[in-house]
Amino acid sequence: MENNPAPELLPGTLYLLILGTLSRGPLHGYAIVKRIKEASREGLRIEDGSLYPALNRMLVKGWLASEWGVSENHRKARFYRLTREGRKQLERETGEFDRLVRAIQLVMRTV
Amino acid sequence: MAFWKELANRIGYLLGRSRFDRELQEEVLFHIQARADELEEAGVSAADALRQARREFGSTLRAREETRAAWQIRWLEDLAADLAYALRALRRNPALALAAVGSLALGIGANATVFSVAREALFSQPSCRDCQRLVQVSAGGNSWFSMPQYRFLEAAHVFDGLAGINIGMVVNWRDGNRTYRLAGTHVTDNFFAVTGIPVAMGRPMQRGDTNAAVITHGFWTRRLNSDANVLGRQLALDGQPYTVVGVLPRDHRMLAGFGFTPDLYLTKDPGEAMLYARLPQGVTRAAAYARLQTICREMDRVFPDANRPWTREVSLASVGGMERLQQGGQMAMPVTAFFAMLVIVTAIVVLIACANVSSLLLARAFARSREFAIRMSLGGSRNRLIRQLLAESLLLALLGIGAGLALDLWLSGLLSGLRIPTPLPIELLIRPDFALLAYAAAITLLVTLATGLAPALKGTRAGIAGALKQDARLAPSGRTLRNSLVAGQLAVSMVLLCAALLFWRNLSNAASFNAGFDTAHTVVSTFQTVRGSYTPRDFAALVDAATERLRALPGVEAVSPAGAVPLNPFLAFSRNGGKLRPDAGSRTVRVQYDSNAVGIDYFRVMAIPILRGRAFQESDRLGAPDAVILNETLARRLFGDANPVGRVLRFPDNHDARIVGVARNSKYVTLGEGNSMALYSPFAQGKSSAFAHFFVRTGGAPDAIARKVDETLGTLDSAAAVETHPMREIFAGALLPSRVGAAILGAMALFALLLASVGLYGVLLYSIQQRMREIGIRVALGATPGDVLTMVAGQSLRLLLPGLGIGLALAVVAVRPLAMFLVPEVRPADPINFVAVAAVLALVAGLATVAPAARALRVDPSVSLRHE
């Protein structure tokens, strides 16, 4: 794993990944990183340092809401969940992303 | 929408910043702990797990910093930092801060209050329903109509209702065993229905109401102690019971405007009335006017008046704004002039204040140009420096606006509801005008930022090399700007000082002024009976009895009734005019004179000498031939140098009177009048049937006798209202305009002078500091202290002389219109005024030069040359 660094994220996809991860229910920050890592089979890794700025930017925009709760190992943790605004944003970004990937694939196939 | 939500989120963050930081810290720790827990489960030792988790996370500080950045509003936090720095800078220089903030506060606060008062007094919208359709009717150049004329007009049905009102009627109110004079307003019973004046409690008057009263909020709270059961309460007014049917709201504004506030409205035949009409729906003012013209032609037939046809000068004036002001006529003139003067003076002071603030900021910015140069050379960006300077201006402006707002609120509270005891009392409801304040605040912000920007740009433009060079610091253009600001301030101070000096001289002149009669030993008692309760003959007997009883009081030397009180603008002599015929011949002389009906001992009481002939006597009674006494001016005008005593005078109404004497000239209506013409007639031959003023001359103190006079007159007719004051007090009323003018202008002028001297002092001191090196070189080259002094004084003079010159030129023009407020002995163009003011200004300028000169003399070349 250490010798095979995860590919860099496409710009803007971090929000999409976080939104997608949270669409199944509230999670705390560490769980978000872990869920993404596992779901991508270690293919995507989010820098711990860039997670919180991103989460907070999304809080500012009102896509997420946060509240304090208790984690699975009984520690106090901050849980993030999607707001209605966030759900709409997820739909929007998913659509845009799909179109983008299809377009890139088209180009790559034809060139 | 999203933007506002975001902004709200960010502001929420700003408010709970410390909690946010704590929670973020906790969250990051949790993240690392969770990773460590996981590693530990995989078999790593606890200590290693924690270390590895920390390493994987990277810099927690950077993460926290970036997270915080997600929330921050960058410019707002920068601004806060700039303001905090500016506050420290201002605290280092409290004199400057105080001068600037004080100037701005006075500018905003005083100006806003003056405008609020003026607007309320002159332009406030009266309380009525649908005021646009309400008009005041006048015809034949007159807005007063008799009741038959009113009824005629009403019957013509030109309007959707026509109501009459007579303001300023004195009403006697018997409460317990005392009688008070109230300012009443007589209205026709449909007055409230036509005007739609709202009431706060009870109901308005209705058609068919008799003996109904609607009282004002002020009367209710002041005189009836806010009696909750006031509705239905009986008031004994002019000897008749009236029922209170309604109470007006606190913000009731009379249709007549000018803040007039009576105590109550009564349904009572007004005798003569001003008419208010409601235009019918769908009828324009022009259409109503045309129909009114037709009715006025009818009026000419029914109520013919050869001198004044009704069709001439017909008008329908609206009940607010400019038209009401014009309708106010004679009375509106001095009031408007007074406010205009006040507004101009405050505006001038504000101008000086603004000039001072910008001058202070300019001087400061130039003094700090080295600081800027150093900061720029250390890598500070020019934009950052400019922003810093703007922040200082902004802070000054905000503090000034805050203080100005506080001043306005305080002054408004102080002046609002103040009852000025004119016969129809004036009570202005002054509310801070927030639109105006917002406007003033915006202007202040703009001006302060603009004045702050100029030095900021200039101070930082020189660049590092230029600014560090000592002598290049004071850019010549900056010096010119500041110098002209100081000269301008001196000029404006000169104008204000000239005006203030005129008022002050007027005051001292008027106070020591010989009015032509004695005021020190006299009391005046106004005796007002209920109208219609006496025939003229009965009333004359009552006055005789009163005179006898008063004369019997211990200490009383002489007593006389009179119809008017001299030098009292509200109880004054009546002004008559017309063609008089000396000796009842064909020769006519057109004159304007003041007249008064006086008793036998009037001239003794007032100590006015009779120069020729005699005073009135017992035989000048009703039924005897009419007698008159002229004053010197009128006698000379009518008869030249010949002796008028014994000759006959024919009046315009063709009645004749024999001249029995000539009295020494005195003042009649205002202290400012010249030698006016005046005529006295015997009180006993007058037609007065309701009121008289009793003039009582006493050997002792006037205050002691006043109560006894009150009691004595009170026993004669318990329904009559009696008010007794020492003559001195009434006289003081005549000085009021002068006092107010002198006080306001004096304060403003002193303030302006103070500001100008601060400005001059500041500019000189700064310039000495700039020239420290130059002075050092001169002293080293052998300049004596005298040379240095000459140099500083020369600089001071170069500022003072243009200021004085411009000020003089302005003052000569500006004080000319003040003549209308002044006694004739004080001439606005008197050169002594200008010389005195110039001397004062020069003296103050000299004082402001002392400290900078002393500073220059202390310059030690060995120190100042090593200064670098």
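Biologist: Of the contacts in chain A with a separation of 6 or more, what percentage is accounted for by residues 24 or more positions apart?

Modeller: This is a predicted model, in which local features need pLDDT of at least 70 and side-chain atom pairs count only at pLDDT 80 or more, whereas totals for chains, interfaces and linings use all residues. Residues are numbered from 1 along each chain as its sequence is written, while chains are lettered from A and ligands numbered from 1 in the order in which they are written. The share you ask for is 49%, where two residues are in contact if their C-beta atoms, placed from the backbone, lie within 7 Å.

Chain A has four helices and three strands, in the order α-β-α-α-β-β-α from the N terminus; these are DSSP runs numbered from the N terminus, helices being H or I with at least four residues and strands E with at least two. Of the 111 residues in chain A, 24% are buried, a residue being buried if 20 or more other C-beta atoms, placed from the backbone, lie within 10 Å of its own, exposed if 12 or fewer, and partly exposed in between.

In helix α1 of chain A, residues 13-22, the buried residues are A:Leu14, A:Ile18, A:Leu19, A:Thr21 and A:Leu22. Viewed down the axis of α1(A), they fall within an arc of 165°, so they line one face of the helix; the arc is that of the directions from the helix axis to the C-beta atoms. The partners against which these buried residues of α1(A) pack are β1 (27-28), α2, α3, β3 and α4 (84-110) of chain A.
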